Amino acid sequence: MPPDGVARCRAAWAWLIRRETSVVYGNPNNPGNIRMTANRVAPIDWDESHVDVPDLDLVLPYNAAGLEGGAYDIAAQASAAWEAAVCWEDEHGIKRLAEVRAI
């Protein structure tokens, strides 16, 4: 990853320092990883799960968690930075890095 991309990702993650952590799913943006019935929702394919700040999952597609204003922006930037870092050098990672603003 280019140095300016690293700096932008680190700046996006800095907003999450000292936030409470928990197990996060790590890939809520893939609709094929979610199974739903009338009464239940279940994520499958937990290979990207890890302990981190839950904001990374809460920025679900189309802001399904209902984050507002600054909270949504911080989570969206951190999530894009995470995907850019773990997918670097493929088309998806490059696209996500382009979404991370210089802060």
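A residue is called buried when its relative accessible area is under 20%, exposed when that area is over 50%, and partly exposed in between, with a 1.4 Å probe and protein chains only. Cys 9 is buried, with a relative accessible area of 2%. The structure is a predicted model, in which local features need pLDDT of at least 70 and side-chain atom pairs count only at pLDDT 80 or more, while totals for chains, interfaces and linings use all residues. Residues are numbered from 1 along each chain as its sequence is written, and side-chain values use heavy atoms, with hydrogens and water left out.

**Cys 9 and its surroundings**

- Cys 9 is found in helix α1, where helices (H or I, at least four residues) and strands (E, at least two) are DSSP runs numbered from the N terminus.
- With neighbours within four places in sequence left aside, Cys 9 is in contact with Met 1, Ala 81, Ala 84, Leu 97 and Val 100, contact meaning heavy atoms within 4.5 Å.
- Between Cys 9 and Gly 66 there are 57 residues of sequence separation and 23 Å in space, C-alpha to C-alpha.

**Packing of α1 with α3**

- Two packed helices are described by the angle between their axes and the distance between the axes.
- For α1 and α3 the angle is about 140° and the axes are 8 Å apart; axes are lines fitted to C-alpha atoms, for helices over the stretch in contact, and angles run from 0 to 180 degrees between N-to-C directions.
- The two helices α1 and α3 are therefore oblique to each other, given that angles under 35 degrees count as roughly parallel, over 145 as roughly antiparallel, 65 to 115 as roughly perpendicular and the rest as oblique.
- By class, the contact of α1 with α3 has 8 nonpolar residues, 1 polar residue and no charged ones; Ala, Val, Leu, Ile, Met, Phe, Trp, Tyr, Cys and Pro count as nonpolar, Asp, Glu, Lys and Arg as charged, and the others, Gly among them, as polar.

**Packing of α3 with α4**

- Helices α3 and α4 pack at an angle of about 150°, with their axes 8 Å apart, and are therefore roughly antiparallel to each other.
- The crossing of α3 and α4 is left-handed.
- On the α3 side the contact involves Gln 77, Ser 79, Ala 80, Glu 83 and Ala 84, which meet His 92, Gly 93, Arg 96, Leu 97 and Glu 99 in α4.
- The residues of the contact of α3 with α4 divide into 3 nonpolar, 4 polar and 3 charged.

**Salt bridges**

- The structure holds 5 salt bridges, each being a side-chain nitrogen of Lys or Arg within 4 Å of a carboxyl oxygen of Asp or Glu.
- One of them joins the side chains of Asp 55 and Arg 19 at 3.2 Å, N to O, and this pair links distant parts of the chain, with Asp 55 in helix α2 (residues 55–58) and Arg 19 in the loop between α1 (3–14) and β1 (22–24), 36 residues apart.
- Asp 55 counts as buried at 8% relative accessibility, whereas Arg 19 counts as partly exposed at 42%.
- Apart from residues up to four places away in sequence, Asp 55 touches Leu 16, Arg 19 and Ala 75.
- The side chains of Glu 83 and Arg 96 meet in a salt bridge of 3.4 Å, N to O, which links Glu 83 in helix α3 (residues 69–86) to Arg 96 in helix α4 (residues 91–99), 13 residues apart.
- Glu 99 also forms a salt bridge with Arg 96, the closest N and O atoms being 2.6 Å apart, and both residues lie in helix α4, 3 residues apart, about one turn of the helix.
- Arg 96 is buried, with a relative accessible area of 13%, while Glu 99 is partly exposed at 33%.
- Salt bridges that share partners join Glu 83, Arg 96 and Glu 99 into one network.

**Positive phi angles**

- Arg 18, although not a glycine, has a positive phi of about 75°; Arg 18 lies in the loop between α1 and β1 and is exposed, with a relative accessible area of 82%.
- Asp 45, also not a glycine, has a positive phi of about 65°; Asp 45 lies in the loop between β3 (41–43) and β4 (50–52) and counts as partly exposed at 41% relative accessibility.

Technical notes: A crossing is left-handed if the near helix is turned anticlockwise from the far one by less than a right angle, and right-handed if clockwise.
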